[in-house]
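Subject: Model for you to look at

Hello,

Please find the structure below. My notes on it follow.

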Amino acid sequence: MIYFLLYLTYDFLNFSKIMYNVKFFLKNLKNKIKKFIVTPFFIFFFYFLFSFSCKAEVYWGKDGFNWKKINPLPERIGPYYATAFDPQNKRVYVIGGYSSNVNHVGSKSVYLGKIQPDNNIIWTKLKDYPKNVLGTFCFTNEGKLYCLGGDDGKSVLSESYAATINADGTIGDWQSYTSLPCPLHFHGGLFYKNKVLIFGGRKKLYYPDDVNDNSRREIYRLDGTNWTQISQLPIAMDAMAIAVYKGKIYIGGGQITQQDGQSSRCHIDKVYFTTISDNGDLGNWVETSFYPNVINYYLDQNCKNWSSKGIKAYHYMAAYNGYLYVFPAASFAVKGPCKLKQSEWLTSTLRSFRAKINTDGSLNDWEIIGPTDCIFDHQNWELNKMATNLYGGFLDQSKFYLIGGMNYAGVTNAAYYINLLKGDFNDDSQITAADIKNLFSSYAQNKSEFELNSDTKINAVDFGTIKLNYTIQ
Ligand SMILES: [Ca+2]
Ligand SMILES: [Ca+2]
């Protein structure tokens, strides 16, 4: 595109020159062209180029993991929304969430996002959900969109609803669907091989200190139109993250609002896994790892020192290509061990981390990935910037999308994705010769965003990293 514009510019000037030679009376026009035509043309030209670079907002991580901005949601949606991703049709539904960070009001809004070949999303507003809703679990199956439980800001719901999905991805009217076995919000949910499973969750709207029957341990499966309790979690919990990989379920983080029959408050940093069979039966839970503390003190003098503990509850987990990934958390972290009236503090981070999944399902050491928080801090927390306080997201092949959320300026409608396939420079979810070509041209220009081994230089090691990690197709 740039070369085309340069060519046009060259052509334009050439044409002007010819006109100058042929028509004598235009002798003095050269200066006029410079002043009144050429200069404004160049101003327009550079403005045009600049506007292109503005659209491509990217937060580069020097390790090769980058967040890229896409079309924002038409409305600001805060944490505690639900996403339902339909990979066959490349559609995502975003349901509910905070519509304001002032009064913590739930939203009825439902959006359809159509994922485009260039990884952008086109958003359409759909029919409102029957209630304001936060902390629900939604999924799509065979032409229907389902949402189970949640809360409406006043009470916790067992009510569930389903809507038929039309050929164009829009939905029909919401109809009542099988209620949950009890009111639940911030429960874990899983739709796996046509089975629906619900994990834990919280029964009460908040977690007052005199409540001792709040976080849940039960795991239910929907068999026909009945919920069957099939197993239980290692401990009662809510606001945890769930991911599935190669026949194993991972549960990470979460919150405890009761322990040993007593009211308490703490966040969990453990990761457990178990097997899941094709008919939705679970094995025994194995404790495998615990989340690292994510504390960022970035000491570059251009960047504020900024600490963040982050990622314990209200976060998102996804498994891809042999790794378990953990993405930013929402809301508050609880400091210290589980106890009554444990204090909370606001936490907010963009740090993400991953651990390699061993063949027996256990996890290797955690590695922090992506750009540092301070890069975002430099944005002065504008509302149209990426949130550091999120709840959900979804994984489309190697691309993980984060939608809306909150940063310190408030609730945002900004949306971003990160490509987990490091070295896939054109984001087509494949490492091919096209990526080597990109790396080679980056090598010639020494663009540090394409370096793969965190040494801040594009060098032979990066070519070696691609060769070592991936088979070139
Ligand atoms: Ca590629
Ligand atoms: Ca390098």
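Which residue is the bridge partner of K69 in β31? The partner is Y416. Strands here are DSSP runs of E with at least two residues, and helices are DSSP runs of H or I with at least four, both numbered from the N terminus.

Before the rest, some conventions. This is a predicted model, in which local features need pLDDT of at least 70 and side-chain atom pairs count only at pLDDT 80 or more, while totals for chains, interfaces and linings use all residues. Residues are numbered from 1 along each chain as its sequence is written, and chains are lettered from A and ligands numbered from 1 in the order in which they are written.

Confidence

pLDDT is the predictor's confidence in each residue, from 0 to 100. The average for the protein is 82, and 77% of the residues score at least 70. Residues 1–54 stay under 50, and the model has 9 contacts for them beyond four places in sequence; a contact is a pair of residues with C-beta atoms, placed from the backbone, within 7 Å. Where pLDDT is low, the predicted coordinates should not be read in detail.

Overall make-up

The protein has 5 helices and 31 strands. Of its 473 residues, 40% are buried. Buried means 20 or more other C-beta atoms within 10 Å of the residue's own, exposed means 12 or fewer, and partly exposed is in between, with C-beta atoms placed from the backbone. Among contacts with a separation of 6 or more, 52% are between residues 24 or more positions apart.

Two sheets

Two strands are taken as paired if DSSP finds at least two bridges between them. The open sheet of 5 strands has the order β1-β2-β31-β28-β27, with antiparallel pairing. Its edges are β1 (58–59) and β27 (394–396); each has a single partner strand, so one side of each lacks a neighbour in the sheet.

Another open sheet, of 4 strands, is ordered β3-β4-β5-β6, again with antiparallel pairing. Here β3 (82–86) and β6 (121–125) are at the edges with a single partner strand each, so one side of each is left without a neighbour. Between β3 and β4 (91–95) there are 5 bridges, and A82 has I95 as its bridge partner in β4.

The core

Which residues touch the most other members of the largest nonpolar core? They are Y93, I95, C138 and M317, in a core of 103 residues. Such a core is a set of buried Ala, Val, Leu, Ile, Met, Phe, Trp, Tyr and Cys residues joined through C-beta atoms within 7 Å. β9 gives the most to this core, with 6 residues. Leaving aside residues up to four places away in sequence, Y93 touches T83, A84, V110, Y111, L112, C138 and L145. In soluble globular proteins, nonpolar side chains tend to be buried together.

Loops

E142 is in the loop between β7 (137–141) and β8 (144–151), and is exposed, with 6 other C-beta atoms within 10 Å. K193 is in the loop between β11 (188–192) and β12 (195–199); K193 is also exposed, with 10 such atoms.

S155 lies in the loop between β8 and β9 (156–165) and counts as exposed, with 12 C-beta neighbours inside 10 Å. From S155 to Y206 is 51 residues in sequence and 9.6 Å in space, C-alpha to C-alpha.

Regards

How values were computed
Contact = placed C-beta atoms within 7 Å.
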